[in-house]
Amino acid sequence: MSELPLSATADAALQAAPATKARGYWATVGRRITRDKVSMACALVLILIFLSAILAPWLGLEDPYKGSMIRRLRHIGTVGYPLGTDELGRDMLARLIYGGRLSLVIGILPVILAFCIGTSLGLIAGYVGGKLNTAIMRTIDVFYAFPSVLLAIAISGALGAGILNSIVSLTVVFVPQITRVAESVTTGVRNMDFVEAARASGAGPFTIMRVHILGNVLGAIFVYATSLISVSMILAAGLSFLGLGTKPPEPEWGLMLNTLRTAIYVNPWVAALPGAMIFAVSICFNLLSDGLRSAMDIRN
Amino acid sequence: MLAYIARRIVYVIPIVISVALVCFLLVHITPGDPLVAVLPADASQELAAQLRAAYGFDRPLPVQFGLWLLRALHGDLGNSIATGRPVLAEVMRAVGNTVTLAIAAAIIGFTMGILLGLIAGYFRETWIDKVATSFAIAGVSVPHYWLGMVLVIIFSVQLNWLPAVGAGPNGSNSWAWDWAHLQYLVLPAITTSVIPMGIVTRTVRALTGDILSQDFVEALRAKGLHETGVFRHVIKNAAPTALAVMGLQLGYMLGGSILIETVFSWPGSGFLLNSAIFQRDLPLLQGTILILALFFVFLNLLVDIAQAAIDPRIKRG
């Protein structure tokens, strides 16, 4: 009886050990990234853009859809219209802030979807191996035979214009890339001793994948996926810019850039504003992804 | 080496067939009638059926694919629905302009990228590295179609130094190597070059840093080799990977030129693709995508072979 409390503490300590260690890693990553000034500045900019997009209706902005023929293409700094007005006389500040809503969704959602699909495919291909791996990876190779911009435009062009179609086409572009990364990291982990040990102790393939492999590969795949957000933002806005994504009068940065193109001779700097937003978001995600990569100590 | 080349070529065949299948399916998953572009809104049922039979749209899909592939092998990609001209001729003429643009951009982007990458890798963690890396990150993060607009605003609208759109005086479509034409190339080429510039800079910087931190470099320096000699070793070791990345980038520039060609109204393959999409000209769409994808596949093949030729480790593996 006197031994019981002791062994119970030992048990508790044993169980707690891996948990503290896991937290230790993420705490280290967190500490490293909060010390990185560039990453923090980018995170701040992104938070501001996200918050203003979400809170747009409560910011006391002009109506982003309401135009007026008498105040078209006002310059930056006009009283009442700090960033000027567009070709239909709509307030640019309001449209840029409201535009963040659609632009961010169509830019980021494809990466999230591709992350889920690609991770599952890569995990299965990498863990099961053999014929299934060959089947999945050779199919992926076919998509690699297309330059990504061409593939996105080909799918969008075939499906027709629309927000949903542009999200679908970008997801199709990113799934192969994420699958390849997921497959290669999974193949690297699956022959390690701890996976063998789990298998020997009777864990099924699903448990091994979920508990032992996923935890060890997710970080690398996640960092890779974050590096795709910048490309995705540029491509999503690019599809709208070509007229394959958002339809007017919806405020969206790529589409705004397209409709303002004709205004570059009248009011060039107002016409360039939506692109500056895409650039800002894209470069912040790129720098943040780089910061995360070095904080997690992952090499490409 | 020959065995390696043969193996790589054999490996390309299934890829080419799958690419053709994807191009074919892409157009056939399209919602709506493929003849919508040519058929008048009040066309009779018989006329629609007649046209459908003429274009072969009435047959089962596998048969259509087989016939299309067979004809494509003979260089017949059908006729454009909008213009009635052969698709292959239309695409090849446009591709010529895209190749001109891509090569000009490659010369700018790769030279800048290699220089910035070498400098950044050599002076790692100094302010020089930081400046070069910022250039690279800006290059890969910038929406290039927007950069094109900004360059037009600065150099065409404000300064009036260079033309804003087109590929030659008076809307000319044929290219010539004189200043009258070259001035049209400057802005699109610079715009196209920023992404490869950024990616090549990053690659070369990482390679240079890796190679310089290896033991053999220490040994070379200990032996008393001059820094320029060390640099030659760096370039030799970085070349295969850098070459592969540049080959891929050239492929992206050829296949992904649609946005820039739209901004500058550059009469290349991307511009053609754009009009094919919006006129719902399916044979033209199919043919353009197929040819651009095949260009990309063969460019990759060439890069692989070139890489094996300069790096003996690859063909042994």
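Predicted model: local features only at pLDDT ≥ 70, side-chain atom pairs only at ≥ 80, totals over all residues.
1. Let us begin with the overall build of chain B. Of the 317 residues in chain B, 38% are buried. Take contacts in chain B between residues at least 6 apart in sequence: 74% of them join residues at least 24 apart.

2. Now look at one pair of helices in chain B. Helix α9 (residues 227-255) and helix α12 (residues 282-310) have axes that come within 9 Å and cross at roughly 170°. Angles over 145 degrees count as roughly antiparallel, and α9(B) and α12(B) are therefore roughly antiparallel to each other. Which residues meet here? On the α9(B) side they include B:A239, B:L243, B:G247 and B:L254, and on the α12(B) side they include B:F295, B:L299, B:V303 and B:I310. By class, this contact has 13 nonpolar residues, 5 polar ones and no charged ones.

3. Next, see where the two chains touch. How many residues take part? On chain A there are 32, in contact with 38 residues of chain B. The elements of chain A that give two or more residues to this side are α4 (130-144), α5 (148-159), α8 (205-242) and α10 (268-295). The largest share, 9 residues, comes from α10(A). Sorted by class, the chain A side divides into 23 nonpolar, 7 polar and 2 charged residues.

4. An unreviewed entry carries the annotation "transmembrane region" for residues 38-61, 102-129, 149-175, 217-244 and 264-288 of chain A. Two of these stretches can be described in the model. Residues 149-175 of chain A are 89% helix and 0% strand, with end C-alpha atoms 14 Å apart. Residues 264-288 of chain A are 84% helix and 0% strand, with end C-alpha atoms 32 Å apart. The annotation "domain: ABC transmembrane type-1", also from an unreviewed UniProt entry, covers residues 100-289 of chain A. That span is 84% helix and 0% strand in the model, and its end C-alpha atoms lie 20 Å apart.

5. Finally, visit A:E87. Where does A:E87 sit? Its place is in the loop between α2 (37-54) and α3 (92-128) of chain A. A residue is buried if 20 or more other C-beta atoms lie within 10 Å of its own, and exposed if 12 or fewer do; A:E87 has 18, so this residue is partly exposed. Not counting residues up to four places away in sequence, A:E87 touches A:R72, A:L73, A:T259, A:L260, A:T262 and A:A263. As for A:G60, which is 27 residues apart from A:E87 along the chain, the C-alpha atoms of the two are separated by 22 Å.

Terms used:
Residues numbered from 1 in each chain as written. Chains lettered and ligands numbered in written order. Contact = placed C-beta atoms within 7 Å. Helix = DSSP H or I, 4+ residues; strand = E, 2+ residues; numbered from the N terminus. Nonpolar A, V, L, I, M, F, W, Y, C, P; charged D, E, K, R; others polar. UniProt positions renumbered as here; feature names shortened; annotations may be inferred. Axes fitted to C-alpha atoms, helices over the stretch in contact; angles between N-to-C directions. Parallel < 35°, antiparallel > 145°, perpendicular 65-115°, else oblique.
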